Amino acid sequence: MNLSKLKKLNRTFYQRELLVVARELLGKILVKADGSALLAGKIVEVEAYDGSIDEAAHTYTGKTIRNQIMFEAGGYFYVYFTYGAHFCCNIVTGEEGHGTAVLIRGVEPVEGVVKMAFNRYGKNLVNEKEKYNLTSGPGKVCQAFGITRDYYGEDLIKGRVYLLNQPKIPEQMVVQTTRIGIKKSIELNWRFYIKDNPFVSRK
DNA sequence: CCACGGATTGGCT
DNA sequence: GCCAATCCGTGGA
C-alpha cells in the first residue's frame, strides 16, 4: 500500500456526530510519524463513548484534568492509562464541549510491522499467533505503536499522529454490537468492527 | 489525605 | 475460564 498517495482526514471529518464518525473510522489508516519511524495500521475495531448519556464514558461525571481533551472539538487524540499497565487511545469527535470520543480497539498493521513486533515482544515475529496478537486489542495497539501519555492531546490535523482516508467499508462487512470490558451502559450497541478481520479483539 | 477500582492483558489452572 | 499485576485519576473524608 502506497501511503503517500492517501489524503489526511481533516477537522470536518471528526467534528460530526459520534456514531457517524465511529462507524466511518473503520478502514481508515492510523499513522504515527515520529522522527524516522513510520507506523501505520488499518482500523478494524472501535467503540464510541458519550459523556452526556453514557455512564461508561470517562466524561460522564464532567470535565477533569484527565478527560479535558475529550471536551475539545473533534480531531484530537485522547490517551489514557488503565489497570496499572496499559495505554488506550481515542479519537475525539463532535463539537467543542460534547465530551465524545472513539476508542481504537484493533488495527491491521500496514507499515512498520517489524518495529511493532519489537515494541510488543522485543523480537521479530516467529509465528501466526504472534502476528495476530500484535494489535488485536486497545492496549496492544498502543504498545505496538509506542503510544504513551506523551501523545495525550495530540492534534490529528497537524501532529505526529493522524489518519489517512480510505474507501468506506460496505455495510454488509460491518458488525455493530455491545462494548467490551465495561459494567455500566452495557446495553448500548456502540461497538463497530469489520466482519471476519483477524485483528478484531473478539467477536 | 487516602481508598477504590478500571474502556486490559497474559499467564496459569 | 479465572485472576493477579500495577498505576494513577477520582471522589469522599
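## Fold of chain A

Chain A carries 5 helices and 8 strands, taken as DSSP runs (H or I of at least four residues for helices, E of at least two for strands) numbered from the N terminus. In sequence order the pattern reads α-α-β-β-β-β-β-α-α-α-β-β-β.

This is a predicted model, where local features need pLDDT of at least 70, side-chain atom pairs count only at pLDDT 80 or more, and totals for chains, interfaces and linings use all residues. Residues are numbered from 1 along each chain as written, chains are lettered from A and ligands numbered from 1 in written order, and side-chain values use heavy atoms, without hydrogens or water.

## Size and packing

The C-alpha trace of chain A spans about 45 × 40 × 35 Å along its principal axes. Of the contacts (heavy atoms within 4.5 Å) between residues at least 6 apart in sequence, 62% link residues at least 24 apart.

## Around DNA strand B

DNA strand B has 21 residues around it, the closest being Tyr80, His86, Asn90, Arg120 and Gly181; "near" here means a heavy atom within 4 Å.

On the base side, a polar side-chain atom of His86 sits 2.8 Å from a base oxygen, and a side-chain N or O atom of Asn90 is 2.4 Å from a base nitrogen. Gly181 instead uses a backbone N or O atom, 3.2 Å from a phosphate oxygen.

Conventions
Polar contact = N/O pair within 3.5 Å; in protein donor to acceptor, adjacent residues only side chain to side chain.
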